[in-house]
Amino acid sequence: MERKIRVLVAKPGLDGHDRGAKVVASALRDAGMEVVYTGLHQTPEMVVEAAIQEDVDVVGLSILSGAHAVLFPKIVDLLKERGAGDKLVIAGGIIPEDDVEELKKVGIANVFGPGTTTTEITEYVKKEIASRSK
Amino acid sequence: MVSTDDLLKRFTDGDRTALSKIITLVENHESSFPDVLDRLYPRTGKAYRIGVTGPPGAGKSTLVSGLVQRVRADDKLVGVIAVDPSSPFTGGALLGDRIRMQDIGIDPGVFVRSMATRGSLGGLAEAAGDVADVMDAFGQDIVITETVGVGQCELDIAEACYTTVVVIVPESGDAIQAMKAGLMEIADVIAINKADREGADRIARQTQAMLELRGERNGWSPPVICTIASQGDGISDLFDQIEKHRVFQTESGLLKKHRRGNVEATVKAIVESEIHRKVWGERSLSKLHSLVDEVMGGKRTPRQASAEILSMIDGR
């Protein structure tokens with residue numbers, strides 16, 4: 001049986017805009033993945049707990065409030081602390097170009113900003129997971 | 001890759017990451033899964049299993065979240081299995097039950113796992129039952145399985161639960177007529193959720209009347225409870241009724257009978273899936289394809305073709 005890719009789509013922080021997260025979640029589902037959506041206003045602890053309970057392969061973080069520089073590294077650290085540092089962590093939303101390199105340094109594998117097509121994201125996830133399971 | 005022994009040891013020590021990994025390997029039927037389940041089985045049998053089912057949008061997840069909090073007030077550990085459908089076209093699934101379970105998000109006494117139906121009917125019951133076993137073995141006192149109730153698969157899952165709660169809403173009205181044949185028959189407790197909406201009293205009365213018409217079964221008549229899950233109203237009453245049903249089943253010996261029936265169904269399901277796997281090996285599949293060609297060519301009938309395959313198996 002082909003192993004299903006499981007993805008957590010999470011909205012850490014306080015902004016209430018999840019249109020983008022929902023579009024991405026639907027695109028990943030339509031690409032044949034099992035997508036768990038957390039809903040709005042998640043603390044890093046909640047995101048990490050959900051990622052562990054659901055044993056997802058991928059954690060997708062969406063943020064539009066500007067708190068990424070604080071929340072994303074915290075999520076990555078907590079995942080490592082809980083023995084789940086092997087998950088692919090990707091991000092999207094309103095994230096300034098200048099911050100992307102910093103985020104990549106702390107363990108965010110890729111950042112998808114405005115203008116990204118859903119196909120770019122689904123293809124990226126498929127490729128990454130396939131290369132990991134080899 | 002972690003070894004099974006290591007994983008099981010961490011599981012026994014109460015490591016939730018290990019619990020999660022074991023659920024995955026069971027759900028995916030990875031090669032070690034029969035061995036893992038066999039080793040965990042002696043630890044199972046302690047958890048009380050509750051099923052929650054009903055039409056989409058009835059508020060099942062919110063209700064489950066409320067029930068979990070009620071159970072946690074007694075300091076008991078809870079496992080939740082939230083089942084959502086997979087798309088038959090892409091195989092993907094959007095699992096959104098956690099959205100309604102924010103209040104139990106980081107409680108270390110709660111473990112929530114979302115599962116997709118993955119296109120199987122009876123097979124889902126098997127996988128969900130296995131996952132419930134794993135949570136039971138981990139030490140959860142109560143395991144709640146939540147499913148959308150419109151088809152056949154939730155009936156199997158309900159059978160694997162000791163108390164089944166059917167959730168409906170005032171708007172269900174006519175839908176109940178269509179569903180009562182299947183859905184209402186499996187109900188041990190009925191929750192009329194969103195009871196602050198118009199028509200709640202009426203549907204509660206109708207449901208009650210319908211149940212009275214049916215009469216008691218095995219000495220239990222399902223109570224009808226009005227709830228407003230989003231506000232926490234009626235959750236305590238609902239829990240009391242579940243508890244009452246548990247005590248009733250335990251004292252009347254029905255629980256033991258139920259468990260026995262469950263074991264029988266599980267053994268049968270495993271045998272059937274193994275037979276299926278064995279029958280459709282490489283040899284019989286290639287035979288099948290050549291036989292299909294012969295049927296298409298008018299040389300045989302489908303029945304003759306299947307007799308050929310069956311004789312292959314008998315002759316082994």
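What percentage of the 316 residues of chain B count as buried? In this predicted model, the share for chain B is 47%. For chain A, buried residues make up 53% of the 134 residues.

**Chain A**

Chain A contains 5 helices and 5 strands. Read from the N terminus, its elements follow the order β-α-β-α-β-α-β-α-β-α. The radius of gyration of chain A is 13 Å, close to the 14 Å that the globule rule gives for 134 residues, and chain A is therefore as compact as a globular protein of that length. Taken along the principal axes, the C-alpha atoms of chain A fill a box of roughly 40 × 35 × 25 Å. Among the contacts in chain A with a separation of 6 or more, 72% are accounted for by residues 24 or more positions apart.

**Chain B**

The secondary structure of chain B consists of 12 helices and 8 strands. Its C-alpha atoms occupy a box of roughly 65 × 50 × 40 Å along the principal axes. Residues 24 or more positions apart supply 74% of the contacts in chain B with a separation of 6 or more. The domain assignment divides chain B into domain 1 (1–43), domain 2 (44–253) and domain 3 (280–314). The centres of domain 1 of chain B and domain 3 of chain B, taken over C-alpha atoms, are separated by 40 Å.

**Surface and charge**

| Chain | Accessible surface | Share from carbon and sulfur atoms | Charges | Distance between mean positions of positive and negative charges |
|---|---|---|---|---|
| Chain A | about 6,200 Å² | 54% | 17 positive, 21 negative | 4 Å |
| Chain B | about 15,600 Å² | 53% | 38 positive, 45 negative | 3 Å |

B:R98 is placed in the loop between β3 (93–95) and β4 (110–116) of chain B. Is this arginine, B:R98, buried or exposed? With a relative accessible area of 9%, B:R98 falls under the 20% cut-off and is therefore buried. Apart from its neighbours within four places in sequence, B:R98 is in contact with A:V36, A:Y37, A:T38, A:A50, A:Q53 and A:E54 of chain A, and with B:V112 and B:S114 of chain B.

**Two residues with positive phi**

Most residues other than glycine have a negative phi. A:D55 is not a glycine, yet its phi is positive, at about 45°. This aspartate, A:D55, is found in the loop between α2 (44–54) and β3 (58–63) of chain A. Its relative accessibility is 6%, so A:D55 counts as buried.

In chain B, B:H29 likewise is a residue other than glycine with a positive phi, near 50°. The position of B:H29 is in the loop between α2 (16–27) and α3 (33–40) of chain B. At a relative accessible area of 39%, B:H29 is partly exposed, since that class lies between the cut-offs of 20% and 50%.

Terms used. Residues are numbered from 1 along each chain as its sequence is written. Chains are lettered from A and ligands numbered from 1 in the order in which they are written. This is a predicted model: local features need pLDDT of at least 70, side-chain atom pairs count only at pLDDT 80 or more; totals for chains, interfaces and linings use all residues. Side-chain values use heavy atoms; hydrogens and water are left out. Helices (H or I, at least four residues) and strands (E, at least two) are DSSP runs, numbered from the N terminus. The radius of gyration is taken over C-alpha atoms; the globule rule is 2.2 Å times the number of residues to the power 0.38. Buried means under 20% relative accessible area, exposed over 50%, partly exposed in between (1.4 Å probe, protein chains only). Contact means heavy atoms within 4.5 Å. Accessible areas come from the Shrake-Rupley method with a 1.4 Å probe; for residues, only the protein chains shown count as cover. Lys and Arg count as positive and Asp and Glu as negative; His and the chain ends are not counted. The place of a charge is taken as NZ of Lys, CZ of Arg, CG of Asp or CD of Glu. Domain bounds come from an automatic or database domain assignment.
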